[in-house]
Structure formats: C-alpha cells, structure tokens
Amino acid sequence: MKRSPLKRKTSLKPVSAKKRAHKAAEKVQGAWEHMARVKALPCVACGAPPPSQAHHVTGDKQPRSDWRVIPLCYECHQGQHGYHAAKRSWVARHGTDFEFLPVVAKMLDIKKPGH
C-alpha cells in the first residue's frame, strides 16, 4: 500500500507553545549568548583552538543549565577518549568537569555579583 504524498512522515516533533515561549524568554536568550561565548574559547582540557563544543556540567549534582557549560574540543567532548565516551578515564586525566567552571569564568572575565 502506498502512502499518500500529503501524509508524509516527518522526524520533526511539534513544539509546544510553552516550550516556544521558554525559548523566547530573555533569560534563555542570554544563556544562548553565554554558550556562544564559551564555544569561542579554546578547549579547557587540552587547549585545542576554538571553536569548541559547549559541555553541560553535571558532575556536582547541580541541575543542568545552559549557564553551566565549559568549552571542550570534539575529541575531549565526544571523541573516543572524550568525556561522554570514557568518563572515568577522562576524569582521571583532567579532573571533574565542574572544576573547570571557575577557569571558564576567568577566561570570560565574569565577575560574581557583589565583587
């Protein structure tokens, strides 16, 4: 049985109005800009030149956030020996991912409120 060309299956999921509003929120827009700045930094693990991938830090039991990202090159992020492929050996070599957050803040020259 042939499918009607009008009933073509798509891989895109519909986006809810709530999610669309969230993505448009000023807070989220600022987070996207922050991630773009992080991606323009060299890899904090090996020093590979930018562009980098934004790795969401989850190791310190804090909720995942677009504000808590570190720059990693493809190899350090998703490569054969990268964080997502070999987390234990990556942590043994480089330390925990959340330990890099202050380093990234310094690279971006981000001041904490009140300082």
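Figure 1. Ser-52 touches Lys-39, Leu-41, Pro-42, Cys-43, Pro-71, Leu-72 and Cys-73, leaving aside residues up to four places away in sequence; contact means heavy atoms within 4.5 Å. Ser-52 belongs to the loop between H2 and strand S1 (53-56); helices (H or I, at least four residues) and strands (E, at least two) are DSSP runs, numbered from the N terminus. With a relative accessible area of 7%, Ser-52 is buried (under 20%, 1.4 Å probe, protein chains only). A polar atom of the Ser-52 side chain lies 3.5 Å from the backbone nitrogen of Cys-43.

Residues are numbered from 1 along each chain as its sequence is written. In this predicted model, local features need pLDDT of at least 70 and side-chain atom pairs pLDDT 80 or more, while totals for chains, interfaces and linings use all residues; side-chain values use heavy atoms, without hydrogens and water.

**Figure 2. The largest pocket.** Its volume is about 300 Å³, the space filled by probe spheres set on grid points joined across faces, edges and corners. A pocket is an open set of points on a 1 Å grid over the protein atoms alone where a 1.4 Å probe fits, with protein on both sides within 12 Å along at least five of seven lines; lining residues have an atom within 4 Å of a point. Eleven residues line the largest pocket, and Trp-67, Leu-101, Pro-102, Ala-105 and Ile-110 are the closest to its centre. Helix H5 (residues 101-108) gives the largest share of this lining, five residues.

**Figure 3. The second largest pocket.** This pocket has a volume of about 240 Å³. Among its twelve lining residues, His-22, Val-28, Ala-31, Ser-65 and Asp-66 lie nearest its centre. The largest share of the lining, four residues, comes from H2.

Terms used:
Buried < 20%, exposed > 50% of the residue type's maximum accessible area, 1.4 Å probe, protein only. Polar contact = N/O pair within 3.5 Å; in protein donor to acceptor, adjacent residues only side chain to side chain.
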